[in-house]
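Me: I have a protein model open and would like to learn how to read it. Could you walk me through it feature by feature?

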Amino acid sequence: MTLPAPPPALSSRDVRAWRNSLFVVFALCGLGLASWAARIPAVSSSLDLSTADVGVLLFGLAVGSIVGLLASGHLVALFGARAVMRWTLLLAPLGLAIAAVGATTLTSFAVTFAGLAIYGAGMGTCDVAMNVSGAANERVIDRTMMPIYHAFFSFGTMGGAALAALAELLAIPLTVHIGAVAVLMIVASIIVIPAVQSETILHGADAATTAAAAEQPAVDWRARLAIWRDPRTILIGLIVLGMAFAEGSANDWLAYAMVEGHDTDEPTGAFVFWVFVTAMTAGRLLGVRVLDRFGRVPVLRVSAVLAAIGLLVLIFSPITWVAIVGVVLWGLGASLGFPVGMSAAADDARTAAARVSAVATIGYIAFLVGPPVIGLIGEQVGILGALLLVLVLVAVAGVVSGAAREPRAPVTLRP
């Protein structure tokens, strides 16, 4: 049998361009999400929605995200991460723009719901594709990169929130603001996506490596579905679930918890949320060196301990500044779980798309059920008491963190 010649090794310039393009892609995803989330009060006012109605509207985003996540493993396996990112970063901004037009110009709940579902499907699919590509780039660079990619997502959310606040301050219509964000996302993605390399690139592969990869059986759709029966998939999913719950619950409830639980004013509550996001971003940037030195499992265990201590301090300390220290620990502790889980899910290049899709789907359950569950518990025991649920899930993530252990031997990418 004649084997195909191995592709040439990527130059350092190619690898840097790939890495920088992924930085932009992650940031764009954060920008779009925060731009919409920060204008939800404007949407609610335009459509005259109750709190319950807002929850139903946001369910459209959740449904779309889950559909995208479930389809993403197959799409990435069939077309490659680069192609999937290219198309979803066209589809998702269009959905966002449709939602904005539906909420204001048409004042239609149904159109807004549909737009959010389209946006969610695009973002859910893109989420898996960019993590698969990021894991491949991480292998080529041969150093921990995934937390930095997710830090750029955090930078995007910070920028999106700031732009949305400015739009509110200047009374810029929702359609103009969201339309501009959608155009920015589309144009930027068109510029940067071509620099993304195929996740199947062999970096410096020799003939023996190429032959071994060529002899491996292809992973079909049945094998991709079978990844759900692998205990390691479920255990990594639990890590991501616990840490995503820790992150998502802060996004939804931290400012409210400071106002209602610690009797601060609303500006202080908003400031404390900014402190949390900043701690998350710092943890992801600084965590790279820590992960390279100590490895995934010790870092995840320490992260879980930090998050747990931070939550306990926030919940039980009656002193505001001490509670804010707890928020910093919570943010640092929650910062690495999701990106490290994505790296662990992508350890085997042949099943990376399927396992990342499965793990991301498990993690997104936190974003789906977390807010209403904490709200329901908070009605009975208070919002601070309800955050004890987060503590339990963080503890579970720490206990099963061994599932994220690095492979014993380097994993070679298929040609």
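Predicted model: local features only at pLDDT ≥ 70, side-chain atom pairs only at ≥ 80, totals over all residues.

Me: How many helices and strands does the protein have?

Reply: Helices (H or I, at least four residues) and strands (E, at least two) are DSSP runs, numbered from the N terminus. In this protein there are 17 helices and 0 strands.

Me: What share of the residues counts as buried?

Reply: A residue is buried under 20% relative accessible area, exposed over 50%, and partly exposed in between (1.4 Å probe, protein chains only). Of the 415 residues here, 52% count as buried.

Me: How do I read the contacts?

Reply: Contact means heavy atoms within 4.5 Å. Among contacts with a separation of 6 or more in this protein, 85% come from residues 24 or more positions apart. Ala-17 sits in helix α1 and is partly exposed, at 30% relative accessibility.

Me: How do I judge whether a helix is straight?

Reply: Compare its end-to-end distance with the expected span, which is 1.5 Å times one less than its number of residues. Helix α6 (residues 146-169) has 24 residues and reaches 35 Å from first to last C-alpha, close to the expected 34 Å. In helix α10 (residues 231-261), with 31 residues, the end C-alpha atoms are only 39 Å apart, short of the 45 Å that a straight helix would reach.

Me: Where is the kink in α10 centred?

Reply: The bend at a residue is the angle between axes fitted to the seven residues ending there and the seven starting there. For α10 the kink is about 55° and is centred on Trp-253.

Me: What should I look for in the nonpolar core?

Reply: In soluble globular proteins, nonpolar side chains tend to be buried together. A nonpolar core is a set of buried Ala, Val, Leu, Ile, Met, Phe, Trp, Tyr and Cys residues joined through side-chain atoms within 4.5 Å. The largest one here has 111 residues, and those with the most contacts inside it are Met-85, Leu-254, Trp-330 and Leu-387. Helix α10 gives the most to this core, with 13 residues. Leaving aside residues up to four places away in sequence, Leu-254 touches residues including Val-272, Phe-273, Phe-276 and Trp-330.

Me: Why is α14 described as largely enclosed?

Reply: Helix α14 (residues 337-345) has 9 of its 9 residues buried, so it is largely enclosed by the rest of the structure. Met-342 is one of those buried residues. Among the residues that Asn-131 touches is that Met-342, along with Phe-26 and His-150. Asn-131 lies in helix α5 (residues 109-141) and is buried, at 0% relative accessibility.

Me: How many salt bridges are there?

Reply: Side chains of opposite charge can pair when their charged atoms come close. A salt bridge is a side-chain nitrogen of Lys or Arg within 4 Å of a carboxyl oxygen of Asp or Glu. The search of the whole structure finds 2. In one, Arg-39 pairs with Glu-168, the closest N and O atoms being 3.1 Å apart. Arg-39 lies in the loop between α1 (12-37) and α2 (40-47) and Glu-168 in helix α6, so the pair ties together parts 129 residues apart in sequence. Arg-39 is buried at 4% relative accessibility, whereas Glu-168 is partly exposed at 37%.

Me: And what about Arg-284 and Glu-247?

Reply: Their side chains meet in a salt bridge (3.2 Å, N to O). Arg-284 lies in helix α11 (residues 266-294) and Glu-247 in helix α10, so this pair ties together parts 37 residues apart in sequence. Both Arg-284 and Glu-247 are buried.

Me: How do I read a positive phi?

Reply: Most residues other than glycine have a negative phi. Asp-48 has a positive phi of about 55°; Asp-48 is in the loop between α2 and α3 (51-79) and is exposed, at 68% relative accessibility. Asp-142 has a positive phi of about 65°; Asp-142 is in the loop between α5 and α6 and is exposed, at 69%.

Technical notes:
Residues numbered from 1 in each chain as written. Heavy atoms only, no water.
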